[in-house]
Amino acid sequence: MKKGWRKGLLTGVALLLTTGLAACGGNNSENGASASAKASAGAASAAPAASAAASTAPVSKDPVELLNVSYDPTRELYESYNKAFSAYWEKEHGQKVTIKQSHGGSGKQSRSVQDGLEADVVTLALGYDIDALEKAGLINSGWQSKYDHNSSPYTSTIVFLVRKGNPKGIKDWSDLLKDDVQVITPNPKTSGGARWNFLAAWGYALDHNNNDEAKAQEFVKNLYTHVPVLDSGARGSTTTFVERGLGDVLIAWENEAYLSVNELGKDKFDIVYPSESILAEPPVAVVDKVVDKKGTREVAEAYLKYLYSEEGQKIAAENYYRPTLDSVKEEYKSKFPEIKLFTLADKFGTWKETQEKFFNDGGVFDKIYVPGK
Amino acid sequence: MNVTAKTVRRGTLPGFGLTMGYTVLYLSLVVLIPLAALLFNSTGLTLSKLWDVATDPRVLASYRVSLSTAAAAALADGVLGLLLAWVLARYRFPGKRIFDALIDLPFALPTAVAGVSLTALYSANGWIGSRLEPLGLKIAYTPLGITLALMFIGIPFVVRTVQPVLEDMERDTEEAAATLGAGRWRIFRKVILPELIPPLLTGFALAFARGIGEYGSVVFISGNMPMRTEIAPLLIMSKLEQYDYAGATAVAMLLLLISFLMILVINLLQRWAHNRSR
């Protein structure tokens with residue numbers, strides 16, 4: 001029996017070593033990536049190996065493949081944009097480009113890229129999630145000034161979705177504190193979108209209390225006592241509000257609110273614009289380390305740049321994201337009511353500072369929920 | 001002569017070397033290496049950080065929620081699972097095979113689907129929830145809802161550990177007890193139950209351990225309210241969301257430690273029960 005044990009262990013170790021070595025040689029671990037992300041990553045890493053060799057030439061005519069790692073609600077936007085960009089690029093440069101998409105929670109997507117998902121570009125919900133990639137050495141510093149408008153080609157804002165006819169008469173942030181109003185918003189600790197919601201309310205409270213921080217905290221704390229359920233993500237909150245019929249008002253991104261109304265019935269919900277809100281700037285960046293390795297820098301940069309073109313801007317507007325190009329802004333004026341918007345920089349500074357102050361452990365959000373700490 | 005000696009030394013079954021090798025490989029790839037990676041990830045984790053995390057009121061509250069709901073669900077599964085196993089092992093009725101197969105379904109169903117469906121049923125405007133709410137019984141978005149989700153995913157563990165023991169049980173002792181004048185309840189208590197305690201404990205331990213780590217089915221029905229219905233696995237996600245790998249690992253390690261100790265205790269208890277019933 002003794003000999004058998006030893007033999008068994010040896011076989012095990014030998015097998016283990018072989019698999020271990022094989023895995024290291026491949027060097028494309030994709031821990032934690034969603035199933036769709038995995039599928040697209042597999043496809044994406046296969047093709048550009050060939051074009052990497054030819055990357056010295058300005059533009060290779062070989063077909064090229066990009067992976068755009070994005071967050072949840074941009075699926076429809078990028079489906080149409082990718083088609084438009086492929087057509088444009090092929091016409092201009094005679095090169096076929098296919099773009100794979102990966103969607104999920106913004107923070108989770110960022111972690112997937114850090115863990116080895118080979119994204120050529122990232123288009124996420126928060127600058128903070130791209131900062132994390134910069135910190136991991138995947139993106140060069142200064143990414144946020146690489147493209148116009150803080151590298152946010154389109155913007156959005158935070159609005160209210162209420163039940164048809166607005167039975168509780170909700171018009172502004174202060175109405176959310178009325179006794180009989182229940183508010184649905186996700187947990188800012190797990191959802192990027194929820195952080196914009198939180199900051200929008202905070203900014204409003206600052207403006208109405210002479211920038212008194214303590215009063216703003218009181219306002220937001222009060223607001224969260226009206227929240228019966230904190231879903232882990234924005235789509236979860238939409239489901240809670242729309243399908244479960246819970247709550248009187250959903251705090252949501254403007255584009256999500258429009259999607260809900262269009263897909264689930266104009267006869268069921270109304271969109272309410274508060275007197276002021278935050279300008280949500282979802283940023284984009286090229287993943288420098290990946291494009292240099294794959295030799296896809298030129299296409300990847302053009303891909304993001306074209307988001308600012310008239311065609312790119314129109315596609316964004318069609319998908320209820322606010323365009324930043326003046327001519328397109330003008331064209332879609334009726335679609336995006338003008339309200340007072342403040343930016344993150346106006347009121348809070350950088351994402352790093354904001355995250356640390358409000359959402360990290362021991363931050364303001366925790367204080368709201370942990371009495372006496 | 002020589003040959004027989006060799007065969008004896010090698011054991012009765014052939015292929016030990018290969019199967020043992022496979023076992024080591026499998027265990028390493030699937031269990032040991034991921035667990036080692038967890039430890040490795042905690043290199044940024046100092047003892048003071050671990051202490052901070054362990055004593056944070058929100059983390060403590062989440063442990064309380066996770067442990068109490070998992071224990072409650074495992075207990076309920078123990079009772080209900082015994083009943084289910086009893087019916088399946090002792091009675092014949094039409095559709096029994098289908099019924100039997102249904103028991104395993106919670107294993108196959110993606111937990112998120114279970115969570116979404118349970119929430120849809122038990123929320124205030126759901127099919128069942130709308131009937132219970134007027135009676136003052138709120139299920140979705142309360143610890144009760146979490147318990148319910150954990151019961152759903154835990155029930156197969158109990159049924160599948162108890163059922164085979166029940167099926168293999170010799171009827172002789174029961175019949176002997178009956179001829180000696182024991183009533184049915186007495187037979188159950190004195191003859192059947194002692195045999196069932198070890199498998200029941202195993203089922204309980206499995207359902208309990210599964211419940212502590214469960215994430216998918218719970219996030220939808222729990223409402224995730226800090227200090228009240230926030231489970232420990234959600235806090236791990238929330239720490240990952242702020243790229244606090246060390247903090248996430250700390251919560252995970254503590255959770256793992258608690259589960260391990262509990263399973264250890266239950267296993268000892270089970271051994272004791274097993275020896276006593278002999």
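Modeller: The model is predicted, so local features need pLDDT of at least 70 and side-chain atom pairs count only at pLDDT 80 or more, while totals for chains, interfaces and linings use all residues. Residues are numbered from 1 along each chain as its sequence is written, chains are lettered from A and ligands numbered from 1 in the order in which they are written, and side-chain values use heavy atoms, with hydrogens and water left out.

Biologist: Why is Asp366(A) called buried?

Modeller: Buried means under 20% relative accessible area, exposed over 50%, and partly exposed in between, with a 1.4 Å probe and protein chains only. Asp366(A) has a relative accessible area of 8%, so it is buried. The residue is found in helix 18 (residues 364-369) of chain A; helices are DSSP runs of H or I with at least four residues, strands are runs of E with at least two, and both are numbered from the N terminus.

Biologist: What makes the approach of Asp366(A) to Lys189(A) a polar contact?

Modeller: A polar contact is a pair of N or O atoms within 3.5 Å; within protein, one must be able to donate a hydrogen and the other to accept it, and residues adjacent in sequence count only if both atoms are side-chain atoms. The side chains of Asp366(A) and Lys189(A) make such a contact at 3.0 Å.

Biologist: Which residues is Asp366(A) in contact with, leaving aside its neighbours within four places in sequence?

Modeller: Contact means heavy atoms within 4.5 Å. On that basis Asp366(A) is in contact with Lys189(A), Asn360(A), Asp361(A) and, in chain B, Arg58(B).

Biologist: What makes a set of residues a nonpolar core?

Modeller: The members are buried Ala, Val, Leu, Ile, Met, Phe, Trp, Tyr and Cys residues joined through side-chain atoms within 4.5 Å. The largest such core has 75 residues, of which Phe85(A), Trp173(A) and Phe198(A) touch the most other members. Helix 8 (residues 192-207) of chain A gives this core its largest share, nine residues. At least three residues come from each of domain 1 (64-152 + 282-308) and domain 2 (156-279 + 339-368) of chain A. Apart from this core lies another, of 38 residues, including Tyr63(B) and Phe157(B).

Biologist: Where do the domain bounds come from?

Modeller: They come from an automatic or database domain assignment. The C-alpha centres of domain 1 and domain 2 of chain A lie 28 Å apart, and nine residues of domain 1 are in contact with 12 residues of domain 2. Chain B is divided into domain 1 (15-44) and domain 2 (46-277), with 27 Å between their C-alpha centres.

Biologist: Why is the pair of Trp86(B) and Phe188(B) called edge-to-face?

Modeller: Rings of Phe, Tyr and Trp (its six-membered ring) pair if their centres lie within 6.5 Å; planes under 30 degrees apart count as stacked, over 60 as edge-to-face and the rest as tilted. The ring centres of Trp86(B) and Phe188(B) are 5.6 Å apart and their planes are at 80°, so the pair is edge-to-face. Trp86(B) lies in helix 4 (residues 57-90) and Phe188(B) in helix 11 (residues 184-213) of chain B, so the pair ties together parts that are 102 residues apart in sequence. Phe188(B) counts as buried because its relative accessibility is 17%.

Biologist: How many aromatic pairs does the structure hold over all chains?

Modeller: There are 34. One of them joins Phe348(A) and Phe358(A), edge-to-face at 5.7 Å centre to centre and 80° between the planes. Phe348(A) is buried at 11% relative accessible area, and Phe358(A) is buried at 1%.

Biologist: What makes helix 13 of chain B mostly covered?

Modeller: Nine of the 10 residues in helix 13 (residues 232-241) are buried, among them Leu234(B), Lys239(B) and Glu241(B). Just after helix 13 of chain B, Tyr243(B) takes a positive phi of about 55°.

Biologist: How do you know which parts of chain B are annotated as "transmembrane region"?

Modeller: The label comes from an unreviewed UniProt entry and covers, among others, residues 101-124 and 139-159 of chain B. UniProt positions are given in the numbering used here, feature names are shortened, and annotations may be inferred rather than shown by experiment. In the model, residues 101-124 of chain B are 79% helix and 0% strand, with end C-alpha atoms 31 Å apart. Residues 139-159 of chain B are 81% helix and 0% strand, with end C-alpha atoms 25 Å apart.
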